[in-house]
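Let's walk through this structure together, one part at a time. Have the sequence and the 3D view ready as you read.

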Amino acid sequence: MTAANSAPGTPPQQQTSVPARSRLRVALIGHAFMGRAHAQAWRTAPHFFDLPLQPELAVVVGRDEDRARAAAENFGAEEWSIHWREVIARDDIDLVDICTPGDQHAEIAIAALRAGKHVLCEKPLARSVPEAREMADAAATAAESGVFAMCGFSYRRTPALALAKRFIDEGRLGQIRHVRAQYLQDWLSSSEAPLTWRLDKERAGSGALGDIGAHSIDTAQWLTGQSIEGVSAMLRTFVADRPVMAHQSGLGGHAEEGAARGPVTVDDAAAFTASFSGGAMGVFESTRMALGHRNANRIEVNGERGSVAFDFERMNELDFYDGSDPDDAQGFRRIQVTEPSHPYTGAWWPTGHGLGYEHLFTHQVVDLVTAIAEGTQPSPTFAEAVQIQQVLDAVERSSADDSRFTATSEPATDGSHTLSSQPKKDPS
Ligand SMILES: NC(=O)c1ccc[n+]([C@@H]2O[C@H](COP(=O)([O-])OP(=O)(O)OC[C@H]3O[C@@H](n4cnc5c(N)ncnc54)[C@H](O)[C@@H]3O)[C@@H](O)[C@H]2O)c1
């Protein structure tokens, strides 16, 4: 008996000339913001890239029948379901793509890996270090049988950032000294913006820190090849309670007039300095309350010979300073990252015809499918995501201890610390 239901109006599965063995059948769990981004990626990637496997969006899984059915129809998936356990038990599913809030990641990922399915899990991997470790243990066991897991730090797949990494790997910046990373959004600026799962520590793990700061941590470590060994941090919650949400839409949602208010249990903003393994120092800032900044994911890296600077709000551009330029020509140059010689871009449009947010997820699918077909471990691994979780944990511990410098390697004893420690309230 199959758990999933055929989407009404969906034609019977088409026979194609693609041999069955080269298909990669995907179950997508969660179909809202990330679910939509991933769904388009699974469908688009094989049309623009020469993939070694043919991905098929087989089943869309949600919590509500009507919405799951509508999503499956909208995404062009074959089936829908509201029972993820039954879906991952199916023999005809090869990969489970987890696009749910953080409180669902561990249970679904571990079950899927034990069922022999490859897993793509959204970031941050988990809500705490112990939870992330359990997931990484399951991934390590699965990898012994050629079943792989990857965490969705999607900004790595931005062509301009991949070009920055190429420059750093080629030594064009020399020894890295500084990392300056900011991730600034403003959708929570109003104190009347309603409570969403992102403001609930039990569901999200942390606030701006894990939601967007985790991207900065991953990008910084990936670009430099250095890991963060310790932090000195400050977390703030500026709005202590918010109206209970009636309807979610996008990142936020709507509350009824006069709705009861509930507590915000995560940070609104995080700031920390960081010490890197290779001797670099970093300054990080993340907030969802920086009015005027919609999605300013910025990073600058300074080395002994050059610098790179990136802002996602100009995602097709990389600023590069080459210290070996002649004196009379020195200055940051703006590289439009749309050349066929740049990472990923050759598969798309003629030079100068830029890419958008959704392309990150398409590139993520390309890299994941290629690694699976080659039998190699895709990155970022769950183990890498555990280390990022350790940085998040150290930030929380440092903030709770008057910003004391805190090593990321200090063991988190159990999940209770991360889930119970509260950010400081705004003293005003
Ligand atoms: N990579 C990125 O840039 C990026 C961006 C945004 C969000 N995220 C991450 O993606 C994940 C999802 O975030 P989102 O913004 O898409 O959230 P969302 O609230 O928009 O969507 C969550 C979806 O999960 C579904 N869901 C929840 N519990 C479920 C269950 N038990 N079974 C089936 N479906 C379930 C909901 O119905 C909904 O469809 C989070 O981990 C978030 O941190 C990553």
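The buried residues of helix α2 are covered by elements that include α1, β3 (54–61) and β4 (79–81). Helices here are DSSP runs of H or I with at least four residues, strands are runs of E with at least two, and both are numbered from the N terminus. This is a predicted model, in which local features need pLDDT of at least 70 and side-chain atom pairs count only at pLDDT 80 or more, while totals for chains, interfaces and linings use all residues. Residues are numbered from 1 along each chain as its sequence is written.

Which residues of α2 (residues 65–75) are buried? They are Ala68, Arg69, Ala71, Ala72 and Phe75, where buried means that 20 or more other C-beta atoms, placed from the backbone, lie within 10 Å of the residue's own. They sit on the same side of α2 because they cover an arc of only 160° around the axis, taken from the directions from the helix axis to the C-beta atoms. Just after α2, Gly76 has a positive phi of about 75°.

Now turn to the ligand. Around the ligand are 21 residues, of which Gly30, Ala32, Phe33, Met34 and Glu122 come nearest; a residue counts as near if its C-beta atom, placed from the backbone, lies within 6 Å. Helix α1 (residues 33–48) gives the most to this shell, with three residues.

Finally, step back to the whole chain. It is divided into domain 1 (5–9 + 19–155) and domain 2 (158–353), with bounds from an automatic or database domain assignment. Their centres, taken over C-alpha atoms, are 25 Å apart.

Technical notes
A residue is buried if 20 or more other C-beta atoms lie within 10 Å of its own, exposed if 12 or fewer, and partly exposed in between; C-beta atoms are placed from the backbone. Two residues are in contact if their C-beta atoms, placed from the backbone, lie within 7 Å.
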